[in-house]
Amino acid sequence: MEDLKEPKGKRAAQPRKKRKLISKDDEGISDIEDIFSDQETHKIRESLLEWYDHNQRDLPWRTKETNPLQAEDEDKEKRAYGVWVSEVMLQQTRVQTVIDYYNRWVLKWPTLQHLALASLEEVNEMWAGLGYYRRARFLLEGAKLITSKGDGFPNTVSSLRKVPGIGDYTAGAIASIAFKEVVPVVDGNVIRVLARLKAISANPKDSITVKNFWKLAAQLVDPCRPGDFNQSLMELGATVCTPSNPSCTQCPVLSHCRALSISNQDKSVLVTDYPTKVVKVKQRHEFSAVCVVEILGTEGLIEGDQSDGGFLLVKRPENGLLAGLWEFPTVNLGKAADLTTRRKEIDHFLKQVFRLDPQRTCSMVQREDIGEFVHIFTHIRLKVYVELLVMHLKGGMSELLSKNKKGATTWKYVDKQALSNLGLTSGVKKVYTMVEKFKLSKSSTDSAPAKRRKKFEETKSASIN
């Protein structure tokens, strides 16, 4: 067989080396050439803590210890409680909004023990307007669980994770800030800072990538001041390394930022290209009809006098969206519906839940189509149709209340004063505001002809005299 030789001056073609793919079981960090070096880790810790000491925002849940080594267990638990409440409130909510809510919360329930004695309704009232009401429920359930065990506030990540509603991030925040456990925290701000420091282009929502961010954060966390370091990372992301307009020249770790270095070398690459933008889940469209049912008392029998009316409220199911919260009678619609269809659905609901029948149990005083609005949830775009139904009960309130027995739907009757003091969701408040504006507008319109007639009579009388 003839011996095949290479032509002189040419190298044999070498097969291209395949890039190693990192499997789900691989302990390495994908999309990162190397982890932080020891020298880099030390400098980042030092720079961030020094920056944080001079630039941290003055927030009510940040309490400084005069001597951490002599901190009493009671002080640590009080701080842990404050961190827990603040971190839960800050999920999906801006800091400026949370400050007032936090101050009111700790004024009413200054300790875990005080919160454990509260009712879910009280907690929901205090939480009203913050949204994501499951957070409030988990806080209450967690407080009751911890106090019932009598072992004090859990002080490690592993023990905190056993409390319903406390995930990896919240557990890390409480353990490191209140109890000095050397553990990391990873939230959106931390992911953004780390992604830019290491120029990580992997999908930040991918579960494997998220695990790798936790590994990076764990490597950086300072062993002497874990809580302060974790807060410094979050503070940097919130105030300097922001999503769309980072202040790179003010960054204490800019010399370690690979994204900035790449951007300086290639102007087509921006620091804000990191982390990779993730396409948001498309919102689904839903529709509902809300009927504000106002029941008039004895004074309401006088035409135009509706000052002593009360309202019917229905409690939502204990599971799902806005679980356990109060709202006006509401029916879900499969699609956009005209007024006739909506009223048919509402009438069926009122008859089923309250035994209200215009032909037999009540007389209708007023029924008006008020309007509509769109309420946005994270993954839902809800179109809400609003109407007002004013009625007088033929059998009186006692007969209606006698029908309020435990069943599939829980409801109650509240007067105007009680309604204004309830912790209603922003959507329910919007409905009530629309109704009140409609009443005010109608009152002004109805009174205009009477005023004109009175003025005409006065003018006529004056001319005769």
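Start by selecting Leu339, which counts as partly exposed because its relative accessibility is 30%. Here buried means under 20% relative accessible area, exposed means over 50%, and partly exposed lies in between, using a 1.4 Å probe and protein chains only. Leu339 belongs to helix 13, residues 339-354. Helices (H or I, at least four residues) and strands (E, at least two) are DSSP runs numbered from the N terminus.

Before moving on, a word about what is on your screen. This is a predicted model, in which local features need pLDDT of at least 70 and side-chain atom pairs count only at pLDDT 80 or more, while totals for chains, interfaces and linings use all residues. Residues are numbered from 1 along each chain as its sequence is written, and side-chain values use heavy atoms, leaving out hydrogens and water.

**Zoom out to the whole chain**

Colour by secondary structure and you will find 16 helices and seven strands. Of the 465 residues, 43% count as buried. Among contacts (heavy atoms within 4.5 Å) with a separation of 6 or more, 68% come from residues 24 or more positions apart.

Next, select Arg355, in the loop between helix 13 and strand 5. Its phi is near 60 degrees, a positive value in a residue other than glycine. At 47% relative accessibility, Arg355 counts as partly exposed. Most residues other than glycine have a negative phi, and most peptide bonds are trans.

Tyr132, in the loop between helix 5 and helix 6, has a positive phi near 45 degrees. Tyr132 is partly exposed, with a relative accessible area of 41%. Then go to Pro275, in the loop between helix 12 (258-265) and strand 1: the peptide bond from Tyr274 to Pro275 is cis, with omega near -10 degrees.

**Helix 6**

Helix 6 has 16 residues and spans 23 Å from its first C-alpha to its last, close to the 22 Å expected; the expected span is 1.5 Å times one less than the number of residues. Which residues of helix 6 are buried? They are Arg135, Ala136, Arg137, Leu139, Leu140, Gly142, Ala143 and Ile146. Show what covers them, and you will see elements including helix 2 (73-90), helix 3 (95-108), helix 4 (112-116) and helix 5. Just after helix 6, Gly150 takes a positive phi of about 75 degrees.

**Helix 10**

Now select residues 207-220, which form helix 10. Its 14 residues reach 20 Å from first C-alpha to last, close to the 20 Å expected. At the start of helix 10, a side-chain oxygen of Asp206 comes within 3.1 Å of the backbone nitrogen of Ile208. Ile208, Thr209, Asn212, Phe213, Leu216, Ala217, Gln219 and Leu220 are buried. Their cover includes helix 1 (38-55), helix 9 (188-197) and helix 11 (226-239).

From here, select Lys180, in the loop between helix 8 (168-179) and helix 9. Lys180 counts as partly exposed because its relative accessibility is 34%. Its C-alpha lies 6.2 Å from that of Gly227, 47 residues away along the chain.

**The spaces inside**

On a 1 Å grid over the protein atoms alone, a cavity is a set of points where a 1.4 Å probe fits but cannot get out, and a pocket is an open set with protein on both sides within 12 Å along at least five of seven lines; lining residues have an atom within 4 Å of a point. Grid points are joined across faces, edges and corners, and a volume is the space filled by probe spheres set on the points.

How many cavities of 30 Å³ or more does a search of the whole structure find? It finds three. The largest cavity has a volume of about 120 Å³. Of its 15 lining residues, Arg196, Cys241, Cys248, Cys251 and Cys257 lie nearest the centre. Helix 9 gives the most to this lining, with three residues.

For the last stop, select Arg316, Leu321, Leu322, Glu327 and Phe377, which lie nearest the centre of the second largest pocket among its 48 lining residues. About 1,200 Å³ of space lies in this pocket.

Definitions and conventions: A polar contact is a pair of N or O atoms within 3.5 Å; within protein, one must be able to donate a hydrogen and the other to accept it, and residues adjacent in sequence count only if both atoms are side-chain atoms.
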